[in-house]
Amino acid sequence: MVKISKAKNSNKIFVLTLVILLILMTFMPNFTQAAVGDTGNPMDTGLINLYFGDPDYSPVPPESLMVFEETGTNEYDAVYIGSNANIYYPNQLLLVIRPNSGSGSVAITNMVATDVSLSQPSGTTGVYDVKLDDVTQPKIEFDATVGSEAQSITITFHQPKEDTSAGSGIYAFLPAPGQFTNEGIDTGGWGTVYNSGATTYKNMVEHMATTGVSLGYFGGYIVFDMDRIDNDPNHPGGYDFEVIGNAFSGNSEPGGIQVSQDGDTWYDIAGSFHYDDDIDWNYEVTYVDPFDKGSNESDKAPIPYYIKGNTSNTDQVATNAYHNHNWFPLSDNYITGLDKATGPNKLTFAEHKSGQDALGYTNTNTLTLSGVLLGGIQNGSTAAGAFGYADVTPGGDKIDLDWAVDSNGEPVDLSWIRYVRVYNAVAKDVPPFGEISPEVKGIHSITDTSGSGSTTAKPTVTVGGVTANLSNDSKQVVHIATGIQPLRDVVVTSTASNIWINGQKVNSGDPVSINVAPVGTTLVRVIVQDDTDEPYIALLKVTR
């Protein structure tokens, strides 16, 4: 009996102790301090989350290349991790401070900025535009309070540095297999970026070459280093640069376009086909050299390829009688990325295997290229009237950086870019003439600033009779739930001169029927643009 009594008493003491511990834990600060040396963006301090960039949107450089490094108790170093970190550190960043619980609000007090200018967008809490002075260690210190808990935080920055390395003009050229690939190497033909004699580049940057380059089958590309192209609201119509091809009436060969600030992070220019059902945003082709590690230029054979790493999913690039040479790109003829200040840049859209050289492509017997595939392109007339692509419009195709999107198809906010990649976004043969392949003859930055500087007025948009809750801010993502029926009419009402619904140009009030997927979201992009104004863009995520 005594033993039983002791056991009961022990159990009572254990339960009581457990209850007390749970009560204490409930009222104890919820700090899970990161260890010294830990990095991240966002950074959880145990009470709040520190972000560079707006956490509600896909990050873009420089915020996407910033991390917080824990250096002490509630002390953080703001580190730039871009490949050009030895010559660049941003002088302006967006800092967002939020509770780590995801609910409630944070109070920021006792803010001390040393060699830092801070401003808060109107109507925001915990959001700061940070501008750094040109000194060694700018920093900010503040107290963050959530409920009854508080922390004192210090963030130290580095001295801003500007990347002053000069643009190289033509940065890379690697055509996929095609009729002009390896052709005209010594004579300045369509298969090379060099003039006759291979001593100078063709004058394609801020100019137009008489003979440009042909990009071959799907994925073949040219990359331009433009120094800087600004997304200037004063550019008429919002257009920021122009790509010159050799399109003419009835002959359009659409080239996809990607842009980057640093050569590491790339964004798609979402052209008019980008949200079509038959688009593949992650298409990949591996070409196989039929002669295994190169050949004489006179050797010719169809080029086999397989799709997305699936060796059973095969096809081939058919050759023709007009171009009697090897159509697989020989590495001696092409450049896939010039040296940057920190070393060779390996481009994300060309595969890099062990055994390849520092540029990511050698005379191996395979080559993998990737990009957005424009399905449904059967001939040149299919692309007539399209926008956001190269070699579609006679005289040149104007591109707006506001059309840039991330891998989820959501708009990103790019104030400027440095690199432009143009690539073949079509996988189609047209016998007996050969593959559909864009030609590129030049690229121009738009410097005209006679535009209005204003954004086109917000439209009214309904989906299946449900009105989208749009704000006045362009490039927003809006969720809208409509009825259970799969087919829904999208109607845009606007006084703007130009209205597009998923790339289809319409008049104000014209319905466009979309098929809303039964599961997940269906994307609908609306663009309205008036005269010399910047466009107003909204991406609708429609569910049913």
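A search of the whole structure, which is a predicted model, turns up 14 aromatic pairs. I will take one of them in detail. Tyr217 and Tyr287 pair edge-to-face, with 6.5 Å from centre to centre and 85° between the planes. Tyr217 sits in the loop between β13 (208-214) and β14, while Tyr287 belongs to strand β18 (residues 279-288), so the pair ties together parts that are 70 residues apart in sequence. Both Tyr217 and Tyr287 are buried. There is also an aromatic cluster, made of Tyr239, Phe387, Trp403 and Trp500.

In general, nonpolar side chains of soluble globular proteins tend to be buried together. In this model the largest nonpolar core has 67 residues, and Tyr287 is among those with the most contacts inside it, along with Ile222, Phe241, Ile257, Val259 and Val420. Strand β14 gives this core its largest share, six residues. A second, separate core has 29 residues, including Phe68, Tyr88, Val106 and Ile140.

What does Ile222 touch, once neighbours within four places in sequence are left aside? Its contacts include Ile170, Ala172 and Phe173, then Val193, Met204, Val213 and Leu215, and also Val420, Arg421, Val422 and Val440.

That brings us to the sheet around β14. It is an open sheet of six strands, in the order β12-β14-β26-β16-β17-β25, and the pairing is antiparallel. The edges are β12 (169-174) and β25 (404-405); each has a single partner strand, so one side of each is left without a neighbour in the sheet. For β12, five bridges make up the antiparallel pairing with strand β14, residues 221-230. Within that pairing, Phe173 stands opposite Ile222 of β14.

Now the chain as a whole. The count is one helix and 36 strands. Of the 544 residues, 50% are buried. If you take contacts between residues at least 6 apart in sequence, 71% of them join residues at least 24 apart.

The peptide bond from Asn41 to Pro42 is cis, with omega near 15°. Pro42 is in the loop between β1 (39-40) and β2 (43-44).

One is Lys308, with phi of about 55°, in the loop between β19 (303-307) and β20 (310-317). The other is Lys475, with phi near 60°, in the loop between β29 (466-467) and β30 (476-481). Are these lysines buried or exposed? Lys308 has a relative accessible area of 44%, so it counts as partly exposed. Lys475 comes out at 16%, so it counts as buried, the cut-off being under 20%.

Last, confidence. Mean pLDDT for the chain is 84, and 83% of the residues reach 70 or more. Where does pLDDT stay under 50? One stretch is residues 1-32, for which the model has 13 contacts beyond four places in sequence. Another is residues 338-346, with 27 such contacts.

That is what I have; comments are welcome.

Definitions and conventions:
Residues are numbered from 1 along each chain as its sequence is written. This is a predicted model: local features need pLDDT of at least 70, side-chain atom pairs count only at pLDDT 80 or more; totals for chains, interfaces and linings use all residues. Side-chain values use heavy atoms; hydrogens and water are left out. Helices (H or I, at least four residues) and strands (E, at least two) are DSSP runs, numbered from the N terminus. Buried means under 20% relative accessible area, exposed over 50%, partly exposed in between (1.4 Å probe, protein chains only). Contact means heavy atoms within 4.5 Å. pLDDT is the predictor's confidence in each residue, from 0 to 100. Two strands pair if DSSP finds at least two bridges between them. A nonpolar core is a set of buried Ala, Val, Leu, Ile, Met, Phe, Trp, Tyr and Cys residues joined through side-chain atoms within 4.5 Å. Rings of Phe, Tyr and Trp (its six-membered ring) pair if their centres lie within 6.5 Å; planes under 30 degrees apart count as stacked, over 60 as edge-to-face and the rest as tilted.
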